[in-house]
Amino acid sequence: MRWLVASFLLALLSVVHARSFNSSRLLVVTEEITEKDKYSTFWGDLESRGFSLSFASPKSPDLSLFKHGALAYDHLLLLPSKSKGLGPNLTPNMLVNYINANGNILLALSADQPTPSAISSLLLELDIFLPPDRNALVVDHFNFDKASAAEKHDVLLLTSPKPLRNGLRNYFEVDGSIAVPRAVGQVLGNASPLLAPILRAPSTAYSYNPKDEAEAVEELFATGSQLSLISAFQARNSARFTVLGSAEMLENKWFDAKVKSQSGVEGATANRAFAEKLSAWTFQELGVLKVGRVEHYLNEDLPKGTANSSEVGFLDLNPKIYRIKNDVHFSIEISEYVFTHLVPFTPPPTDELQLEFSMLSPFHRIPLVPTSQTANSTVFTATLTLPDQHGIFNFIVNYKRPFMTNIYEKRTVTVRHFAHDEWPRSFAISAAWPWIAGIGVVVAGWVAFVAVWLWSAPAEDGLRKRN
Amino acid sequence: MRLPSSLALAALAFSSACLAASWSFDDATLTVSSKGSGADGGVKEKLSPNSPSSKAITLPAVDTLKIVLTATEGSTGKRPHQAFLTLHEPTTGLEESFPFSLKENGKGKVEVTQKDLPYQLLTSASPLRASLILASFGSSTPYASHAFDLTLQLDTTAPPTAPTTPERYTPKPVINHIFKFQETSGPRVISFFFTLAVLAMLPVLFGAWALLGANVDHLGKAFGSAPIAHGLFLGSVLAMEGVFFMYYTSWNLFQMLPVAGVVGTVAYISGSRALTEVQERRLAGER
């Protein structure tokens, strides 16, 4: 609801036609202000999508991510810095607070500059491991750009990333190859479901320290697809933190560089399109889901005599109380935000939304099927029979996937037992019919007896004489 | 030692003009042996750079797989920057690389035991594809080729401990609540049969009464002398049964009680008058 009001107001206030879902204030932190000219095409692309950029150095004293308790900037882009840390205003603690306040961060690293230890320890908290040597470089002798790195092989030429696994949507697909010059490889911890690699190194790549391991590499940090060149972390509040291993791939000269692959095929890089997709995902322009109406109602004919007949077609929407074994219809409306507007959301092919009806643990977990579409949302519905357990239950839609906003909608209802007059009547129970017939026979016999007693004459046969 | 890049480029141009060397290897032997068995026990196999080994290699639990080779650039033995033995699991696509420790002249070895392998490769259902990768900086063509297939013989007495399954965001299993047992009635045929049996008892009862001499002979006489009393009384008895029927089907207690009260009062008053009439007949000796 708050998003609805905020985006409506933003739509009124703005004239640009592309917009991040939250808002558009982007802070770029770079040590040398002159360096920012190297990325001018990238800044231009961001501004044309509606971001308002501010540039600051980490050393500037009045740099603050928060203002009056709220975020001063909605997004943060950190370029590699030569100094040991990011200054007193961007401590790892403050960056974590920034993410907890729904700020998005794109952190760019470079193999040319040693990564500050503050950054390494921040990434360690997120379960992202950087090589222990400060100077680490990813090379691949099989997938490099012959035009620029024929000797050193430190400019990797990669194909567009594929979906991570079956059932996930790929937001980073581009046509063409992606040049990744002088990247710092990362290794992602296995335990966290919040981490996902966006771009992985090919299987012959490895990371080494050019200062110490110039001759041969004996101790491996990681190789192949275990090296993640671009990693994504989506916090539980759906704030996004992307670690970009190579800041140089955002530079103007790599946006449409002519590259030559190992096999001699020449072409242009797709870095510009990839940078657009990467920044769009990180700054909440792609992969953002929004929940509209959530409705549930009783899906049965009302019993005779209790219908509230004030109007035809009256539907008691979202009642607070149901009865056990009621048939209930549940629907939820979900839209996806793509750059500028909301579109109906379709889950990836083998994926499905699920509705849980749960007390402490789910009694039902059933798929939510898309039944209809409005102009900018899809309505998913499910019908279920409430369990024969009374109590306080929740309708829960818990849809969390890598690269998509976390959806968690909970509606609480009471489920009561049968009332005394809701049980089936005895004449409806076929096994009771002999007993009901017995009652009828008794009643008829009684009335006949009363009549006989009142109006009988004494019997004329020998029975009387015997008495 | 790193040359300045311009010098390196010049050297590159010069060398590429001379020859485009390619990495390869010579004198490669693969052995699978356990400690203490020496060179006699275990598998010994020669590897060729051009074609993968046709023999499937098995690595038992306590043994060591050792590959000794001499890496060559062109025709001279040299140490490449990257000399890996990569094990690739075909179904999941996971792989792990083990670096060779080579000397300056390119000679060296790598040793792999089951302890070095991660859980996912150890428990692979199909054999692992082992490739040799020799590559370095510069313009020489790198070498990467499938060398042999490796099957692992796990120690059945001490199976590898599975790591805890990490939590991933995927659809969870479908749950449909299993409802408690619902009582049902028996077959309707049996109900019908017994209902008819019970209903048939009514004529039997009336027949038995008739045999015993039951009659309503004084009906005319009673109605002749006290028609209102008897009529009201019989009516109120029938009405009471009607009240009970309505209470059974639709009325609630508060609807039924007033009616029952009225009917009962009528029954009491008319009944006492009717009984007076019966008493008159009894005193007249007709009962």
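**Terms and the values behind them**

Modeller: A:Glu333 is buried, with a relative accessible area of 15%; buried means under 20%, exposed over 50% and partly exposed in between, with a 1.4 Å probe and protein chains only. This is a predicted model, in which local features need pLDDT of at least 70 and side-chain atom pairs count only at pLDDT 80 or more, while totals for chains, interfaces and linings use all residues. Residues are numbered from 1 along each chain as its sequence is written, chains are lettered from A and ligands numbered from 1 in the order in which they are written, and side-chain values use heavy atoms, with hydrogens and water left out.

Colleague: What makes the contact of A:Arg293 and A:Glu333 a salt bridge?

Modeller: A salt bridge is a side-chain nitrogen of Lys or Arg within 4 Å of a carboxyl oxygen of Asp or Glu. For A:Arg293 and A:Glu333 the N to O distance is 3.8 Å, so the pair meets the definition. A:Arg293 sits in strand β18 of chain A and A:Glu333 in strand β20 (residues 327–338), 40 residues apart; strands are DSSP runs of E, at least two residues, and helices are runs of H or I, at least four, numbered from the N terminus.

Colleague: Why is A:Arg293 called exposed?

Modeller: The relative accessible area of A:Arg293 is 56%, so it counts as exposed.

Colleague: Which parts of chain A does the pair of A:Arg49 and A:Glu285 tie together?

Modeller: These two side chains form a salt bridge at 3.0 Å, N to O. A:Arg49 lies in the loop between α2 (40–48) and β2 (52–56), and A:Glu285 in the loop between α6 (271–282) and β18 (288–298), so the pair joins parts 236 residues apart in sequence. Both A:Arg49 and A:Glu285 are buried.

Colleague: Which residues are linked in a network of salt bridges?

Modeller: The network links A:Lys38, A:Asp154, A:Arg182, A:Glu248, A:Glu251 and A:Lys253. Within it, A:Glu248 pairs with A:Lys253, their closest N and O atoms being 3.5 Å apart. A:Glu248 has a relative accessible area of 8%, which means that it is buried. Over all chains the structure holds 20 salt bridges.

Colleague: How many salt bridges run between chain A and chain B, and how do you know that the two chains touch?

Modeller: The count between chain A and chain B is 0 salt bridges. Contact means heavy atoms within 4.5 Å, and 78 residues of chain A are in contact with 76 residues of chain B. The two chains bury about 6,800 Å² between them, 59% of it on carbon and sulfur atoms; buried area is the accessible area (1.4 Å probe) that two parts lose on being put together, summed over both. A:Glu151, A:Arg365 and A:Trp455 supply 12% of the area that chain A buries against chain B, more than any other three residues.

Colleague: Which element gives the largest share of the side of chain A that touches chain B?

Modeller: The largest share, 19 residues, comes from α7(A).

Colleague: What makes the phi of A:Gln284 worth a remark?

Modeller: Most residues other than glycine have a negative phi. The phi of A:Gln284 is positive, near 60 degrees, and the residue is not glycine. A:Gln284 lies in the loop between α6 and β18 of chain A, and its relative accessible area of 6% makes it buried. A:Phe339, also not a glycine, has a positive phi of about 60 degrees and lies in the loop between β20 and β21 (341–344) of chain A.
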